[in-house]
Amino acid sequence: MNLTFYGHSCFSIEVCGKKLLFDPFITGNELAKNIDINSIEADYILLSHGHRDHIEDAEAIAKATGATIIAGFEVAMWLADKGISKYHPMNHGGKWTFDFGAVKCVNAIHSSSLPDGSYGGNPMGFIVTSNEKNFYYSGDTALTMDMQLIPKFAKIDFAILCIGDNFTMGIEDSVEAAKMVQTNKVIGVHYDTFGYIKIDQRTAIDFYKKNELELLLPAIGETITI
Ligand code: NI
Ligand code: MN
């Protein structure tokens with residue numbers, strides 16, 4: 001399975017021949033200035049919550065690619081009002097089978113207003129299961145005991161976790177999250193973009209190693225095989 005990192009919490013994963021893009025925030029991310037959003041292909045765009053640093057480029061990429069938006073009800077309707085015709089609204093606890101596999105929406109402890117101040121519903125994480133691999137994307141969240149439910153829903157091959165602290169889990173809490181969801185492979189996101197979330201990458205990787213876990217931090221624009 002190939003994962004391409006586009007900076008902050010934006011990444012794409014190809015699942016059973018379909019390209020899933022998560023939380024596109026590229027044009028507003030100085031660190032991702034070499035990424036051209038017109039070059040990004042997507043069949044689906046999954047949005048964890050309504051904050052600008054997760055949805056800023058969703059409308060443009062959905063319109064350019066014809067991708068289907070998968071998001072919480074309020075975020076999906078907000079985009080529908082902007083002329084997005086292909087969307088699939090979901091909410092906490094719900095699961096739906098798409099042509100690439102299934103998506104289950106799980107709890108995230110965070111907030112979720114939209115950029116214009118509209119109510120964004122509840123923030124969420126996603127479990128994606130498929131005939132290839134299964135993974136969990138935490139979205140923006142605190143460490144929560146609800147993560148202990150995730151292995152009951154699916155056997156996870158890897159997790160994409162926020163690690164930047166201040167607004168979300170930091171390194172230590174993300175290690176606890178990896179243990180709860182029962183994976184030893186983590187791709188870290190939501191770090192370094194702003195001053196509040198700068199991390200020391202070497203220290204983070206070493207801390208994971210000490211816990212017998214692997215932390216992958218692909219460069220912006222890099223594709224890794226997982
Ligand atoms: Ni957020
Ligand atoms: Mn965020």
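Predicted model: local features only at pLDDT ≥ 70, side-chain atom pairs only at ≥ 80, totals over all residues.
Donors here are N, O and S atoms within 2.8 Å of the metal (3.2 Å for Na, K and Ca), and water is not among the atoms, so sites may look incomplete. Helices (H or I, at least four residues) and strands (E, at least two) are DSSP runs, numbered from the N terminus. Histidine 54 and aspartate 140 are buried, where buried means under 20% relative accessible area, exposed means over 50%, and partly exposed lies in between (1.4 Å probe, protein chains only).

Residues are numbered from 1 along each chain as its sequence is written, chains are lettered from A and ligands numbered from 1 in the order in which they are written, and side-chain values use heavy atoms, with hydrogens and water left out.

Now to the other metal. The nickel ion (ligand 1) has His49 (NE2), His51 (ND1), His110 (NE2) and Asp140 (OD) as its protein donors, 2.2 to 2.4 Å away. Their spacing in sequence is H-x1-H-x58-H-x29-D.

The four donor atoms of the nickel ion (ligand 1) make angles of 86 to 177 degrees, and the site is irregular. For that label, four donors count as tetrahedral if all angles lie between 85 and 135 degrees; four count as square planar and six as octahedral if opposite donors are over 155 degrees apart and all others between 65 and 115; anything else is irregular.

Histidine 110, in contrast, counts as partly exposed at 25% relative accessibility. Histidine 110 is placed in the loop between strand S8 (102–107) and S9. Leaving aside residues up to four places away in sequence, histidine 110 touches His49, His51, Pro123, Asp140, Thr141, Phe167 and Thr168; contact means heavy atoms within 4.5 Å.

Strand S9 (residues 124–129) includes threonine 129. Threonine 129 touches Gly101, Ala102, Asn134 and Ala154, again not counting residues up to four places away in sequence.

The helices come next. Two packed helices are described by the angle between their axes and the distance between the axes. Helix H5 (residues 171–181) packs with helix H6 (residues 201–210) at an angle of about 35 degrees, their axes being 10 Å apart. Axes are lines fitted to C-alpha atoms, for helices over the stretch in contact, and angles run from 0 to 180 degrees between N-to-C directions. H5 contributes Ile171, Glu172, Ser174 and Val175 to the contact, and H6 contributes Ala204, Phe207 and Tyr208.

Helix H3 (residues 73–80) has Val75, Ala76, Trp78, Leu79 and Ala80 as its buried residues. Their cover includes strand S4 (44–47), H1, helix H2 (58–65), strand S5 (68–72) and strand S6 (87–90).

Finally, some backbone details. Most residues other than glycine have a negative phi, and most peptide bonds are trans. Asparagine 166 has a positive phi, near 65 degrees, and is not a glycine. Glutamate 212 is likewise no glycine and has a positive phi of about 60 degrees. Asparagine 166 lies in the loop between strand S11 (158–162) and H5, and glutamate 212 in the loop between H6 and strand S13 (214–216).

Here are relative accessibilities for some loop and strand residues.

| Residue | Relative accessibility | Class |
|---|---|---|
| Threonine 129 | 19% | buried |
| Glycine 28 | 43% | partly exposed |
| Asparagine 166 | 48% | partly exposed |
| Glutamate 212 | 71% | exposed |
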